[in-house]
Amino acid sequence: MRHEATVQMAATQEAKFGQKDTSDQNFDYMFKLLIIGNSSVGKTSFLFRYADDSFTSAFVSTVGIDFKVKTVFKNEKRIKLQIWDTAGQERYRTITTAYYRGAMGFILMYDITNEESFNAVQDWSTQIKTYSWDNAQVILVGNKCDMEDERVVSAERGRQLADQLGFEFFETSAKDNINVKQTFERLVDIICDKMSESLETDPNVNAGKQNTRLTDNPTPLQQPNCGC
């Protein structure tokens, strides 16, 4: 009963947050993405680096949940990304899991200098399977790869865990802007690929197979239709 009330509250809050966003209907698709993982792994910094190309070393824990919007283009298609930054603390878990519903993609993040955050990946993965839809796509991210001297989780261990869970894998640094954009690009590409697969049985849909990189600006050239 408590969880149902929390889900309802999350839906109301999400509608409120998204009101400004959805009022602009000038897009072809909207993808809801979530960044999840333990507290202090760098989720907020990662989001700000991608959305605003900014970074601050000041650490302030996210309270509950927040989001940013970024629009990208792929094969003449305008894709609006609604990216939710979730709190990692246990006391916010019921609130944040209520937002998993309807998410098309997850960035599951750990800190390469924090063994506990890496060990928690399995639990976060279980929560994705429990609270999200079956076709949600996930990328495992080992953040703070700029802090090599303090590394406790090797890149190989990260890749092995990603393989075990069936996720793709990146090591990133929000501070040095390493693989941040590439992670989001790949996640959206995977979502588009899955959407193309589901549309293949529709004879009215021309599902393009070209894997074109996402850009922040519309291309001036004529491109094949996106397979999204």
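A pocket is an open set of points on a 1 Å grid over the protein atoms alone, with protein on both sides within 12 Å along at least five of seven lines, and lining residues have an atom within 4 Å of a point. Grid points are joined across faces, edges and corners, and a volume is the space filled by probe spheres set on the points.

The model is predicted: local features need pLDDT of at least 70, side-chain atom pairs count only at pLDDT 80 or more, and totals for chains, interfaces and linings use all residues. Residues are numbered from 1 along each chain as its sequence is written, and side-chain values use heavy atoms, with hydrogens and water left out.

**Exercise 1.** Describe the second largest pocket by volume, lining and residue class.

*Solution.* 
- Step 1: The volume of the second largest pocket is about 200 Å³.
- Step 2: Its lining consists of 14 residues, and I128, D134, A136, V138 and F167 lie nearest the centre.
- Step 3: Two or more lining residues come from each of α5 (121-131) and β5; helices (H or I, at least four residues) and strands (E, at least two) are DSSP runs, numbered from the N terminus.
- Step 4: The largest share, three residues, belongs to α5.
- Step 5: Seven lining residues are nonpolar, four polar and three charged. Here Ala, Val, Leu, Ile, Met, Phe, Trp, Tyr, Cys and Pro are nonpolar, Asp, Glu, Lys and Arg are charged, and the others, Gly among them, are polar.

**Exercise 2.** Locate the salt bridge between K144 and D111 and classify D111 as buried or exposed.

*Solution.* 
- Step 1: A salt bridge requires a side-chain nitrogen of Lys or Arg within 4 Å of a carboxyl oxygen of Asp or Glu. K144 and D111 have an N to O distance of 3.2 Å.
- Step 2: The partners sit in distant parts of the chain, 33 residues apart: K144 in the loop between β5 (137-143) and α6 (155-165), D111 in strand β4 (residues 105-111).
- Step 3: D111 has 4% relative accessibility and is buried (buried is under 20% relative accessible area, exposed over 50%, partly exposed in between; 1.4 Å probe, protein chains only).

Key: 1 Å grid on protein atoms, 1.4 Å probe; cavity = no way out; pocket = protein on both sides within 12 Å on 5 of 7 lines; lining within 4 Å.
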